[in-house]
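Please have the structure open while reading.

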Protein chains: 2
Amino acid sequence: MEEFVTSDLIIGIISGGQLGKMLIQEASKWDMTTYVLDPDKDCPAAQIATRHIEGSNLDFDAVYRFGKEVDLLTFEIENVHMGALKKLKSEGVRIAPDPDVLELIQDKGKQKTFYTRNDIPTAPFHLYESKEQILHALDAGHITVPFVQKLRTGGYDGRGVAVITHTKDLEKLLDGPSVIEEKVAIEKEISLIVARNKAGETATYPLVEMEFDPQENLVDTLFCPASVTEQQGTKAREAAEKIVSLLNMEGLLAVELFIDSTGDVLVNEVAPRTHNSGHHTIESVMTSQFEQHLRAVLNLPLGSTELKRPAVMVNILGEPGFEGPVRYTGLSEALAMAGVKIHLYGKKITRPARKMGHATILATTLDEARKKAKRVQQLIKVTSWKKK
Amino acid sequence: MEEFVTSDLIIGIISGGQLGKMLIQEASKWDMTTYVLDPDKDCPAAQIATRHIEGSNLDFDAVYRFGKEVDLLTFEIENVHMGALKKLKSEGVRIAPDPDVLELIQDKGKQKTFYTRNDIPTAPFHLYESKEQILHALDAGHITVPFVQKLRTGGYDGRGVAVITHTKDLEKLLDGPSVIEEKVAIEKEISLIVARNKAGETATYPLVEMEFDPQENLVDTLFCPASVTEQQGTKAREAAEKIVSLLNMEGLLAVELFIDSTGDVLVNEVAPRTHNSGHHTIESVMTSQFEQHLRAVLNLPLGSTELKRPAVMVNILGEPGFEGPVRYTGLSEALAMAGVKIHLYGKKITRPARKMGHATILATTLDEARKKAKRVQQLIKVTSWKKK
């Protein structure tokens, strides 16, 4: 693999958001040449990529032409034109993770079926083709309120999901092929990243626990290690490692799980890429998820996932009520606290709940880190200003 | 200081070597715009800087014009055209560290005089204008062999230094204004980085111990924490903090010290910038020296200098006998060892003993890290190849 760790290797990243940017920050340490495909010339990754090529992840021609220019193609988003990836693969372009894995994951219906077929614990579900079919199934008593609707394709960051708690919520139903899941009484949401390289080596990160902002349906606070029982930890790791192995992953798989009110561990969904729940690893773990992604897709030996310090991560989100050129306040005050590490993604425009950055807080104890994280959330505000 | 931590701030870095590159890696986390001035379009920092401007650090016009384009000017090298910096400062350009500090440090004669005038322990010395004057002083018995000659200006990385152990070494004497220092019986070489911001806040890093390659006069292995007595540690810290305070530093000061055979602590020399002996901080300390430099020059609160793990750093140097397009071997094997973090600077051409990268090795104990570091040094080799 020596040949890859030099500036002669061009790694191509589809989409140039914060995940792409942080991947390039790591790639730069190994002197790799990085190309990024994104329609927005001001996207976060373009600022430090060797080369930014304008084009959409959903455009056949753009993805195909981009793939032809790089030595290794990877992505930071699930939504990639599958036809283009398949054509590139058939022509011998190296793509990691494999398009087949991406195709499975792009469709939440196929994903759920894959779990049940392989005895991986997940919430019971039904598949329907349309809103009409769902209403029909309700009438026939095949499903009952409460339930969760997830569009099979295209959803992310809480979009494409409808939570139907009461009959009156039915007006929120989305139209399109959907997974209808029993509404699990969720005790905890946890997450787990597993890396695997072509040689079959795997490396599993410590479990993280997520607290959601119920209003925005976005992760609010994340902490590591998670407070779960040994048995729950083992069950989560075993499920995640089984999925990774069944998929023959080359790269990272982020596995989101629930612990329900009976203490059971259920797989919610997976993402074949670096993940918001792994940002804390940049400072808290021996090998960051971004370095690990590079190791995995290049078939290099995987790095240690040992935790150096307990960590809490908070997303820095656009405040409600502001949309326009971004303005940050409270950064200095937050930076004055020991162990606070701030990442700003460089998005020029803020919108309510847009992920503009994150802060990782390291401390000797998780309790101390959590207290500091609360303070950081109170301090840092993302609003808007007009340039003079 | 809020206004500075956005992409609206342009930070200008004079010279684009590895120190500039690693500074930009950190600046990118805070979404700063970075300009770099360097004559070489392939310099390490150019790969990820927002903008690379071709020009020499020693050229008045290049430095002056560059300074006019940025909001804050800093440098990663001592050798900067002083006239240009002074003119920029007189015109209100913000420069950190201050040109006056740089001017003092650029001249090793002034630097030594500053130490003795301020009761800072340093090896006894004499100043001479030329090789002829030195030989004359020897004849007159004012100085005696053994001694060390350091050219007052222009030397770095072991250049501009002649070690005269025996009379026959006198043929190695350099011509030019020089510091002649008694040859100290060195027990240990240690180093210490202190940061200070305009508000007067200081932060001191843990002491590091350096082992030199006697052939190349370059740091070979560095480890942190250093094995010194409590008293020696205190004396070193006090000396370093006193210098930083006397200089009203805005930025980092790297202080190199000797411990002599009697156990005494002596200041050797200082550099007003990020330093090779601080590279390990990227992974081993809460706040890396590069983030700390940004905090210090922007007058932000300084970050914690708490050590997360004991660390050893080894430079990755060009092998003797090779000069040409760079080729790395042994990287995969080194990456397979837990806790090995590799940084390649992206220099296209290797030369004997050229600093091409470094590896930091983290472990639970320093002893374990040192053993791994030895193995890393055996594994990674930098030679040359021709492109096919």
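Which residue forms a salt bridge with B:K89? The partner of B:K89 is B:D100, and their closest N and O atoms are 3.4 Å apart. A salt bridge here is a side-chain nitrogen of Lys or Arg within 4 Å of a carboxyl oxygen of Asp or Glu.

This is a predicted model, in which local features need pLDDT of at least 70 and side-chain atom pairs count only at pLDDT 80 or more, while totals for chains, interfaces and linings use all residues. Residues are numbered from 1 along each chain as its sequence is written, chains are lettered from A and ligands numbered from 1 in the order in which they are written, and side-chain values use heavy atoms, with hydrogens and water left out.

**Relation of the two chains**

**The interface**

- Chain B puts 47 residues into the contact and chain A puts in 46 residues, where contact means heavy atoms within 4.5 Å.
- The copies meet through the same surface, because 98% of the interface residues of chain B are also interface residues in chain A.
- The size of an interface is often given as the accessible area lost when the parts come together.
- Between chain B and chain A the buried area is about 4100 Å², with 49% of it from carbon and sulfur atoms; buried area is the accessible area (1.4 Å probe) that two parts lose on being put together, summed over both.
- Four salt bridges are found across the interface of chain B and chain A.
- B:E291 and A:K341 meet through their side chains in a salt bridge, at 2.7 Å from N to O.
- On the side of chain B that touches chain A, at least two residues each come from α1 (18-29), α8 (281-284), α9 (289-297), β16 (324-329), α10 (331-335) and β17 (340-344) of chain B. Helices (H or I, at least four residues) and strands (E, at least two) are DSSP runs, numbered from the N terminus.
- β17(B) gives the most to this side, with five residues.
- By class, the side of chain B that touches chain A has 19 nonpolar, 13 polar and 15 charged residues. Ala, Val, Leu, Ile, Met, Phe, Trp, Tyr, Cys and Pro count as nonpolar, Asp, Glu, Lys and Arg as charged, and the others, Gly among them, as polar.

**Salt bridges within the chains**

- Over all chains the count comes to 46 salt bridges.
- In chain A, A:E291 forms a salt bridge with A:R295, with the closest N and O atoms 2.9 Å apart.
- Both A:E291 and A:R295 lie in helix α9 (residues 289-297) of chain A, four residues apart, about one turn of the helix.
- A:E291 is buried at 6% relative accessibility, and A:R295 is buried at 1%. Buried means under 20% relative accessible area, exposed over 50%, and partly exposed in between (1.4 Å probe, protein chains only).
- In chain B, B:R152 and B:D107 meet in a salt bridge at 2.7 Å, N to O.
- This pair links distant parts of the chain, 45 residues apart: B:R152 is in the loop between β6 (147-151) and β7 (161-164) of chain B, and B:D107 is in the loop between α4 and α5 (108-117) of chain B.
- B:R152 is buried at 15% relative accessibility, as is B:D107 at 12%.
- For the opening pair, B:K89 is partly exposed at 34%, and B:D100 is partly exposed at 43%.
- A network of salt bridges links A:K68, A:K87 and A:E91.

- B:Q106 is in helix α4 of chain B, and a polar atom of its side chain lies 3.1 Å from the backbone oxygen of B:V80.
- Not counting residues up to four places away in sequence, B:Q106 touches B:E78, B:N79, B:V80, B:M82, B:R152 and B:T153.
- Helix α2 (residues 60-68) of chain A has A:A62, A:V63, A:Y64, A:F66 and A:G67 buried.
- These buried residues of α2(A) pack against β1 (10-14), β2 (33-38), β3 (51-54), β4 (72-75) and α3 (82-90) of chain A.

Note on methods: A polar contact is a pair of N or O atoms within 3.5 Å; within protein, one must be able to donate a hydrogen and the other to accept it, and residues adjacent in sequence count only if both atoms are side-chain atoms.
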